[in-house]
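I opened the model today and kept notes as I went. The entries below follow the order in which I looked things up.

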Amino acid sequence: MASRTRTKGSVGSASHSGTRRSLLVLYAVLTLCALAFIFPFWFMAVGAFQSSPTSSPTDLFPTGGWTLQNFTDINARLHLIRSLVNSMVFTLGVLAGTLTFGLAAGYSLSRLQWRGRGALFAIMLGVQAIPFQLLMIPLYVQVTRTYGLGDSYLGMILPFLINTTAVFIFRQFFLSLPESLFEAARIDGASELRIMTSIAVPLVKPAIATVALITFIGPWNEFLWPFLITKNAELQPLAVALANYISNVSQTATNPNGAILAGAATLAFPVVLLFVFFQRYFEASDISSGVKG
Amino acid sequence: MTTTTHDAPVRPRRSRRPLGGVLGSQPLGVLLALPYVLFLATVMAWPLIRAVWISFQDYFFTAPTAVVEHPFVGFENYISAITDPQVQQSFKNIAVFLVINVPLTAILSLVLASALNRIVRFASAFRVAFYIPYVTASVSLIGVWMLLFSRNGLVNTILGPLAPDPSWLVNSALAMPSIALYVTWKQLGFYILLYLAALQGIPKELYESAAMDGAGVVGRFRNVTVPGVRSVTALVLILAIITGANLFTEPYLLTNGGGPDGASATPVLLIYQKGIQQTNPDVASAIGVLLVIGIGVLSMLAARTGKEN
């Protein structure tokens, strides 16, 4: 009896300390990797407020030399506020389209029986495999020549109006609601439209937050499409304006590093803050259902 | 509210609506999906057809009102695309990119996701750290990487005498690998999330019984984790291939237009340069179609990974 207990105890403590040590190693490795992922953001945040960001490791922890001059410089070149407003209009347009039409499509694909539903779902899966870049030339011709929407917000928004990933996520959330809920509402005589707006939609509020996050990063970060169709600098979103600054103007400027980092920080930090504050709406399972359908 | 309440109060499937026969039992579904269907038709299906169509024509930009004949030229655009050394170079470059980026992405994201899946404390903080580059604008992060990897940048300062000459982004042997590393870093968090979702679906008992059979950490990873996430691995490979084959912003900005001397030019960069800058949309469309065929073939190969042996 005693020997048995002892054996058991020693095995237990050995494996316990083993797990403990391996857990420590695990945390050490994860911390190192996490640092590699967030290091450029630190570099960006510090450099954006330094009068002359240089490249020695000691400059990563500056003790002085703080300034707002970089923001003044980049603002003088690309009208920071105007570019931010353009990014905002572009993003809000896409959000509005996705949260109305995308939500309706997700509901229709999950809770309503109609002819062609299966076909639409199959097409959606196929659509994800078509690279936007292949469509670039015909879309450019269509939007700028046929519709005359070059240099306009509408032209910017149109190809992104309804995010397919969002439709998948809405569909998944609506599918998870119990059928009994819908049956009860039908017995009470509610119309299908009424069931959707007053019963189903309020129940998928977390999905709306998830979709808003995922949809936000599309247009806010998009470079290629608005770059193609906006020749007018007054309409360019910040990503395009900053890219133009990086590729053209910065080569002629004497010390453009601080200005580039200030512009980069202005573009990056709204999204970073959004995802840090609302991270609970950005879950692995939702992202997965958004990609796999 | 509803006019059909009398004959079919509960089950709409059996209702005798006038349109029921044609549109299905709940025609509202058609109405709700209609904007999305129109959207897909306008910005996906139609441009897709047009892209293929243009690639077989002698196509050029005209004023919106002008009616011009675009003669059918068969495979001429494809021939001029394939025989163009710039195009050949760009496909070689993308091959270099994929060889580095795709395996690295799949391995690192699975390893980091399994590590994340084993911890409880700080798990969400680590998760956020890993996906923050993924949600941030590439233009913004390129601004940082350009400075880090420039000739007098932080990376070379730390490397000292080991710094490559010419520096990373202007070195024709290192430009494409540098971009591949950048994209792996930027996208990794997204693939970690995909793997995390898959790992949560592997039953704990499988790990326990493997441990009872004497399998160590590596053994359990190889015999339980890897087979358990096989279908997601196929998805990760396919998505990494699609993302990689569509590289534009990175060679445009990070290596200043596919430099040095075309060493990091990609097919999509050429589509932009030839199609829009040099106004040859027909040849550009042919490059696009060739690229999509290439992606299709590679994706099908990758999809085989997901099949059980």
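**Conventions.** This is a predicted model, in which local features need pLDDT of at least 70, side-chain atom pairs count only at pLDDT 80 or more, and totals for chains, interfaces and linings use all residues. Residues are numbered from 1 along each chain as its sequence is written, and chains are lettered from A and ligands numbered from 1 in the order in which they are written.

**Confidence.** I looked first at pLDDT, the predictor's confidence in each residue, from 0 to 100. Chain B averages 87, and 91% of its residues score at least 70. Over residues 1–16 of chain B the pLDDT is below 50, and beyond near neighbours in sequence this stretch has 23 contacts in the model. I count a contact when the C-beta atoms of two residues, placed from the backbone, lie within 7 Å. Where pLDDT is low, the predicted coordinates should not be read in detail. For the complex, the predictor gives an ipTM of 0.87 and a pTM of 0.88.

**Fold of chain B.** I found 14 helices and zero strands in chain B. Helices (H or I, at least four residues) and strands (E, at least two) are DSSP runs, numbered from the N terminus. The radius of gyration of chain B is 26 Å, well over the 19 Å that the globule rule gives for 309 residues, so chain B is more spread out than a compact globule. That radius is taken over C-alpha atoms, and the rule is 2.2 Å times the number of residues to the power 0.38. The C-alpha trace of chain B spans about 85 × 75 × 40 Å along its principal axes.

**Contact between the chains.** Chain B puts 80 residues into the contact and chain A puts in 89. On the side of chain B that touches chain A, helix 2 (residues 28–55) of chain B gives the largest share, 17 residues. I also checked A34(A), which lies in helix 1 (residues 2–48) of chain A. A34(A) is buried, with 20 other C-beta atoms within 10 Å. The burial scale is 20 or more such atoms for buried, 12 or fewer for exposed, and partly exposed in between. Not counting residues up to four places away in sequence, A34(A) touches F126(B), A129(B) and F130(B).

**Buried positions.** Of the 309 residues of chain B, 44% count as buried. One that I looked up is I295(B), in helix 14 (residues 281–305) of chain B. I295(B) counts as buried, with 21 C-beta neighbours inside 10 Å. Leaving aside neighbours within four places in sequence, I295(B) is in contact with P131(A), I241(B), I242(B) and A245(B).

**Backbone.** Most residues other than glycine have a negative phi, and most peptide bonds are trans. I noted a cis peptide bond joining D165(B) and P166(B), with omega about -5 degrees. P166(B) lies in the loop between helix 7 (154–159) and helix 8 of chain B. H79(A) has a positive phi, near 50 degrees. H79(A) is partly exposed, with 17 other C-beta atoms within 10 Å.
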